[in-house]
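Have the sequence open alongside as you read.

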Amino acid sequence: MGANTSQVSDLSDNPSLKALVGTESISENDPFWNQLISFTFISPTSSGDSKLLEEAVIPLAKILIENNPRSGNFGALVRIFLGRTKELKISTECQDQLFIWQAHNALFMIRCLLKVFIREMSEEELHLQFSYQERAPGSCGGDQDLLEELLSNLVHLIVEVPLLDITYSILFEAVTTLLVFFSYQLFHKDILRDGIIYQHIMKGRCLSLTSRLVKTLLYNFIRQEKCPPPATHIFEPKDEGGLLYGLASGVASGLWSVFTLGGAGSKAGIDQEHNPLPLSNQSLLLLLVLANLTDGPDWPNPYRQAITCFRNTQDTSSLSTEQPHTFQINFNSLYTALCEQQRSDQATLLLYTLLHQNANMRTYMLSRTDMDNLVMPILEILYHVEDRNSHHVYMALIILLILTEDDAFNRSIHEVVLKNISWYTERSLTEISLGSLLILVVIRTIQFNMTRTRDKYLHTNCLAALANMSAQFRCLHQYAAQRIISLFALLSKKHNKVLEQATQSLRGRQGDSTALPDYAQDLNVIEEVIRMMLEIINSCLSNSLHHNPNLVYALLYKRELFEQFRTHPSFQDIMQNLDTVSLLVFSHPNTRKLIKRILNVGAISPHTFVVFPKQIFPRTASLTWHAVGLS
C-alpha cells in the first residue's frame, strides 16, 4: 500500500507511508500524494490474509493518531480523495482509468485507517482527527465539516457513478467505507442515536438522497454483478474478488453479527468467503443497516420509510406526496433476486423486511403464480435447520407465517405439483404438492426442536403456520398425512412420560419438603401444543374433509392415540368432531370390510386409496361441526 508495495510485511518500512503517518505536514499540492495513491498492492485472497493486512496497518494507524494533530495529514488525504470525486463521473464517461484507480486507492487507504480509528477512539475524537487540516503550508483550509463532506461524497458517489467494470472497485469501497462508519455501534451497548455519524446520515446533506441511495443499493443487489476479471482492474488482484471482498469481510461480518445478535453461523462465513458477489452483498448489508437505524426523537428513519413505501415500475399512479422518500423499482427483477439469494441470512432478512413492512411488495409476491420459486428456498433453509444459525431459521419461519396468513396462498400451494425434490432425503418424493411439502418440512422442524433446541416459541410459530393453512388443506400427500399423526403420537408419548414422572415423584417424596420439579408447567406446555395439533386436525376436517382422504385413513389407523384425550377436560370439545368422522366412515356399509383390512394390514397401501368409496365424503357437508379453537 503506497508506492508499489507488494507485500504486507513491507508496509511498516514503506517510506511513503512513514511520511504520511509522520510528524511533518505535507502540502496538498505536493507530488507526494500522486506517488502515495499510485500504488500496486497484491490483494489478499482470504480473510486470513486480510487479517494480516489489518494487523500491519494497526501500528501505522496508531502512529498517525498521535501525529495527526500536528501534521493534519489524515485530513489532507481525505481532501485529496474529495478533490478526485468531483471529477469521477466525468472520468467514468471518458474511461479515465488512471484517475479512477487513484481515487479508489485513496479511499481504500482512508477505509483501512478508519477501521483502526473507530476501534481506538470515540466519535468526538474521530471528528477531531478530521478537523486537523490546516497545519500544512499551502493546504486549502475551510470551514466545512470534513467528516460530513466525506459522508456526503460517498453517498453521491454511490448514487451517481454508474456501475461498470472500471468503477466496480471504487463503488465497492464507497459502500464498505459507509459500513465502516456504522461499525461504531459494534463497540457500544446503547443505541448511538445522538452520534455525529448518525446525525449526518439521518438529518444532514445525505437526507435529500435517501430514496436514490436505497434504490441504488437495491439495484446493486438485484444485478448480482460479479467482481470483474483482473484484466478490467487497474490494480492487480491475484484472484477474482480477493481484494474487494477479503478486505471488507471483517467489518461486514462484524456488523452482521450485531444484526443477528451474534448468531451468524460459521458455515455462513465459509459461504461468504467464496462469494463472487462482493458489491451485491455489501450493498445489501448497508441497506439493512440503514433500514434498521432507530427513529430519532422527532423524526422517523427516512431509509426505512423509503424501503416500506417503494412501488413497482408498472404502477402508473402518481407518487404520493405524503410519502416523501418513495420511488419505483422493477418488482419482477427484485422478486427474482430474492428467490435466487436465500442462501444468505441477510437476503432472508431483506425478504422478511419487505413482506412485513412493504404492502406493495407483499401484494405483488402473493399474486405471483410461481410462488414455489420463493417458497422452496425457504423450505430448504428449514430442512437443513441443523446447519443454519437460529436467526436464519427464525426469519425463514416467520416468512412462512406471513405467507400463510393469506388464504389464496394457502389454496394455491396445494395446486403446485413438484417432482423429485433432491434435497429432501428422508424419503423419496417423486411427486408431491408444494403444500404437502411445506407441511412435511414444518413438522420436521418441530420434531427437531423437540429433541434438540426445545424452543417454545419455535414450536408456537411452526404450529401457527400449520394452523393458518389447516382450513385450506387439499389432497394431502399420504406421507404428509402420516407425519401429522406421527407428530401427534410423539406429543402423546411425551405427555404420558411427563405425567408418569410427576406421579412417581409425588409418590417417592411423601413427607419430603424439598421443592419438586415443575412437572405441572411442563404438562401445561405439552397440553397446549397437543391442543393446537388437535385444533389443526379439527380445522382440516371441519373445512375440507372430503378433500383429504389420506388424513382420514391416517386418523383411523392410529385412532387409539386419541382415546386417552377423549375424556380429558381440555380436549373434549375437539374430540367430538374427531369421533363424528370415525362414526361417519365406519357407519358406511361399503367401507367396513375395507377399513378392517386396512387396520389389519398394519400399513396404509397407496393402492387402497384408489378403491376407497369416495361417495362417503360429500355426506360431511351436512354435518354440524363444533367451532373450536381455530376460526
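C475 sits in the loop that runs between helix 24 (456-470) and helix 25 (478-508). Please keep in mind that this is a predicted model. C475 is not a glycine, yet its phi is positive, at about 50°. With a relative accessibility of 56%, C475 counts as exposed, because the cut-off for that label is over 50%.

Another loop holds a residue with a positive phi. Q224 lies between helix 11 (210-223) and helix 12 (242-246), and its phi is near 50°, again in a residue other than glycine. Q224 is buried, since its relative accessible area of 12% falls under the 20% limit.

Now for a helical residue. N105 belongs to helix 6, which covers residues 97-120. Its relative accessibility is 0%, so N105 counts as buried. Leaving aside residues up to four places away in sequence, N105 touches I37, S38 and F39.

Back to helix 25, where K497 is found. K497 is exposed, with a relative accessible area of 54%. On the surface, K497 gathers with R454, K493 and K494 in a patch of positive charge.

For quick reference, here are the accessibility values together:

| Residue | Relative accessible area | Class |
|---|---|---|
| C475 | 56% | exposed |
| K497 | 54% | exposed |
| Q224 | 12% | buried |
| N105 | 0% | buried |

Definitions and conventions
Residues are numbered from 1 along each chain as its sequence is written. This is a predicted model: local features need pLDDT of at least 70, side-chain atom pairs count only at pLDDT 80 or more; totals for chains, interfaces and linings use all residues. Side-chain values use heavy atoms; hydrogens and water are left out. Helices (H or I, at least four residues) and strands (E, at least two) are DSSP runs, numbered from the N terminus. Buried means under 20% relative accessible area, exposed over 50%, partly exposed in between (1.4 Å probe, protein chains only). Contact means heavy atoms within 4.5 Å. Patches are made of residues with over 30% relative accessible area and no salt bridge: like charges are joined within 9 Å, nonpolar side chains (Val, Leu, Ile, Met, Phe, Trp, Tyr) within 5 Å. Accessible areas come from the Shrake-Rupley method with a 1.4 Å probe; for residues, only the protein chains shown count as cover. A salt bridge is a side-chain nitrogen of Lys or Arg within 4 Å of a carboxyl oxygen of Asp or Glu. Lys and Arg count as positive and Asp and Glu as negative; His and the chain ends are not counted. The place of a charge is taken as NZ of Lys, CZ of Arg, CG of Asp or CD of Glu.
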